[in-house]
Amino acid sequence: MNAVLYWTSTIAKSAYILVFPLTLAFFLAWAERKQSAVMQDRIGANRAKFLGRPFLGLVHMVCDAVKMFVKEDFVPDSGHRVLHTLAPFLAMFFALITFAVIPFGYQLTIAGETIGLQVADLNVGILFIFAMASLGVYGMVLAGWSSNNNYALLGGIRASAQMISYEICIGMTIIGAILALGTLSMQDLVIRQGYHYFGWLPRWGVLLQPLGFLLFFIAGIAETKRVPFDMPEGESEIIGFNLEYSSMKFAMFLFTDFIETVLIAAVTVTLFFGGWQIPWLFESGFVWPWGGGWEIHPNVVNILRMAAFAAKVTFFCWLMMAIRWTLPRFRYDQLMDLGWKWLLPLSLANIVVTALVVLLVN
Amino acid sequence: MAVQNIIKVAARRREATLGFWERVYIFEVVRGLWITTEHFVGNLYYHILKLFGIIKVHPLTPTIQYPEEQRTLAPRLRTLHRLVRREDGSPRCVACMMCETVCPALCIKIVAAEGDKPQIEKRPKSFDIDMGRCIFCGYCVEACPEDAIRMDTGILDIAAYSREGMVLDIDTLLSLQPAQRRTDKEVDELQRRLLQ
C-alpha cells in the first residue's frame with residue numbers, strides 16, 4: 001500500500017470514528033430532552049430559536065454549549081488542582097479510545113488497495129475495550145477524591161463499587177460470546193456472524209447467546225452510570241462525584257455518559273447483532289433466500305454496511321434512552337443484589353452451558 | 001387489634017399482588033417499555049404531521065405554549081385588583097380602611113384625605129397594594145362596602161425587577177380594566193337585582 005493512501009485512509013478512519021460517537025452523543029443530549037418529552041406526552045425544548053425557528057429544539061444544544069464554555073471554571077481551594085483537572089479528561093479519553101477497535105464497516109477498495117474499516121485491528125480487540133472501559137473508572141474516583149469533598153468522595157466510591165461489580169459480569173458474559181463465535185478480534189467476530197442458518201436466518205450473536213445478550217445489555221447500562229443505575233451521579237437528590245465540577249469539565253462528565261452509551265450500543269451491536277452485517281447481503285450484492293438477488297458494486301455494499309452499523313447503534317442508543325426514561329432508579333442494595341446475586345451466577349451458568357454446547361457440537 | 005389486622009391484610013395483599021413473574025422484573029420492564037414506546041410512536045406520528053403543517057394542534061399533548069397561548073380563566077377567578085370609578089370618573093373608594101383592616105397579608109396602605117364634594121366625606125389620597133405580599137384571598141373585595149375594589153382584571157403575570165416595583169399605586173389600580181365583557185354598570189345592575 002502506498003504511503004499517501006495509507007496515511008490519508010488512517011487519518012480519515014480516525015476522524016470518522018472520533019466524530020461518529022461525538023455526533024451521536026450530541027444528538028443523545030438532544031434526545032434526552034426531546035425523546036423524554038415525546039414519551040411523556042409533552043412537547044419538549046422549543047424556546048431557543050435561530051432565525052425565528054427552533055429547529056426541533058437543536059438550538060438549545062448550541063445554547064448549552066455556549067453556556068458551558070462561558071461559565072466559571074471552578075476548582076476548590078483545598079482540592080488537588082492537577083488531578084481535579086485531569087479527572088474529566090481521563091474519563092472522556094478512556095471512553096473515546098475504545099472506539100479504535102470497533103469495526104464500523106468491512107473494507108473499501110480504493111485504487112486497487114483494500115482498506116479495512118477499523119482503526120486498529122487488534123487480535124484481542126474485545127479485551128482492549130474492557131481494559132479501557134475499566135480504566136475509565138479512574139476518572140470518577142479521581143474526581144471524587146481530588147475535590148476534597150466528602151459527598152464527592154462517597155460518589156466516587158459508589159462509582160467504583162458499581163463499575164467493578166458490573167465489569168465482572170460483563171467480562172463473564174463476553175466469554176460466552178467469544179466461546180460461541182471462537183475469536184477475540186472484533187472484525188472476525190462480525191465476519192463470523194455473516195452466515196445464515198437454513199439459508200435465511202442470520203447467525204447473529206443474539207441467536208447463539210440470548211441470555212448473554214440480556215446480561216450484557218443490563219450490565220452495560222449499569223456501566224454507563226445512567227438511570228436506572230445512576231447511583232454514582234444521582235444529580236437530582238443524592239450527590240455524586242461531579243459535585244465540585246462546573247463549566248466544560250462538568251459537561252465532559254455528562255458527555256462521557258453519552259459516549260459510553262454509544263460505546264455500549266456499538267459493542268452490543270458488534271457482539272450480538274451482527275455489527276455491520278445486513279441479512280442476505282454478501283460481497284457481490286443481495287442474495288434472497290427465495291432465489292435470485294441484486295448485483296451491487298462491492299464498495300456500495302460496504303457503504304451500505306457502514307450505514308447499517310450506524311443505524312443499529314442509533315437504535316440501541318434509542319432503546320437505552322427509552323429505558324432511562326421508563327424505569328425508576330434501583331436502591332443501592334438492589335443494585336448490588338442484581339450485580340452479584342443474579343447477573344454473576346447467571347453469566348457463569350451461561351459460560352458453562354455455552355462451553356458444553358461448543359464441546360458437544362465440535 | 002383492628003389496626004394490626006389491617007396491616008396484616010395489606011401485607012398479605014401486597015405479597016399476593018406481586019407474582020413470580022413480576023418479581024423476576026425483566027418482563028415487567030418490557031411491559032413498561034412497551035407502554036412508553038406506544039406513547040413515543042403515537043406522539044411522534046402527530047409531531048411529524050404537525051412539522052409538515054398537516055395538522056395545526058397536536059391532539060395528544062395537553063401543553064399550552066404559555067406566552068402565545070393562554071388558557072381561558074373562569075369569570076370568578078381572583079386576579080389582579082383594580083379600583084372602580086364612579087360615573088363622574090372619581091374613585092368609588094371612600095377610604096373607610098375596611099380592606100386595609102381585613103387584609104391578612106397587610107399589603108394594602110391607604111392614606112385618606114377630605115372629600116372635595118359636599119356629599120363625599122373622605123377620599124383616598126393614596127391607595128397602594130403590595131402585590132409582593134398579596135395572597136389573593138379576596139377579603140378586601142368582600143369587605144368593601146362601596147364595591148370599590150374588584151379582582152376581575154384577568155391579569156395573573158404580575159412581575160417586577162424590585163420589591164418596590166411590586167407596589168401598585170392608585171393611578172395604576174384605577175387605570176386597570178375588567179377582563180370580562182360586562183361593564184361596571186352591568187355588574188352593578190346584576191348585584192342590585194340579586195339583592196332584591
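**A hairpin, a helix and some ring pairs**

Modeller: Two residues separate β1(A) and β2(A), which form a hairpin, and A:Ala111 in the turn has a positive phi of about 55 degrees. This is a predicted model, in which local features need pLDDT of at least 70, side-chain atom pairs count only at pLDDT 80 or more, and totals for chains, interfaces and linings use all residues. Residues are numbered from 1 along each chain as its sequence is written, chains are lettered from A and ligands numbered from 1 in the order in which they are written, and side-chain values use heavy atoms, with hydrogens and water left out.

Biologist: What makes β1 and β2 of chain A a pair of strands?

Modeller: Strands (E, at least two residues) and helices (H or I, at least four) are DSSP runs, numbered from the N terminus. Two strands pair if DSSP finds at least two bridges between them. Strand β1 (residues 107–110) and strand β2 (residues 113–116) of chain A have four bridges, in the antiparallel sense, so they pair. In one of these bridges, A:Leu108 has A:Ile115 of β2(A) as its partner.

Biologist: Why is B:Cys93 in no disulfide?

Modeller: A disulfide is a pair of cysteine sulfur atoms within 2.5 Å. The search over all chains finds zero disulfides. For B:Cys93 the nearest cysteine sulfur, that of B:Cys99, is 6.2 Å away. For B:Cys144 the nearest is that of B:Cys96, 6.0 Å away, and B:Cys144 is in no disulfide.

Biologist: What makes A:Phe216 and A:Phe272 a tilted pair?

Modeller: Rings of Phe, Tyr and Trp (its six-membered ring) pair if their centres lie within 6.5 Å; planes under 30 degrees apart count as stacked, over 60 as edge-to-face and the rest as tilted. The structure holds 37 aromatic pairs over all chains. The rings of A:Phe216 and A:Phe272 are 5.6 Å apart centre to centre, with 50 degrees between the planes, and the pair is tilted. A:Phe216 lies in helix α9 (residues 210–223) and A:Phe272 in helix α10 (residues 247–272) of chain A, so the pair ties together parts that are 56 residues apart in sequence.

Biologist: Why is the pair of A:Trp280 and A:Trp288 given another label, edge-to-face?

Modeller: The planes of A:Trp280 and A:Trp288 stand at 75 degrees and the ring centres are 6.3 Å apart, so the pair is edge-to-face.

Biologist: Are A:Trp280 and A:Trp288 buried or partly exposed?

Modeller: Buried means under 20% relative accessible area, exposed over 50%, partly exposed in between (1.4 Å probe, protein chains only). A:Trp280 has 23% and counts as partly exposed, while A:Trp288 has 19% and counts as buried.

Biologist: What value makes A:Gly139 buried?

Modeller: A relative accessible area of 0%. A:Gly139 is in helix α5 (residues 137–146) of chain A. Leaving aside neighbours within four places in sequence, A:Gly139 is in contact (heavy atoms within 4.5 Å) with A:Ala87, A:Leu90, A:Ala91 and A:Phe253.

Biologist: How does the reach of α3(B) compare with the expected span?

Modeller: The expected span of a helix is 1.5 Å times one less than its number of residues. Helix α3 (residues 26–51) of chain B has 26 residues and reaches 36 Å from its first C-alpha to its last, close to the expected 38 Å. Its buried residues include B:Leu33 and B:Phe40.

Biologist: What do the buried residues of α3(B) pack against?

Modeller: They pack against α1 (3–39) and α11 (298–324) of chain A.
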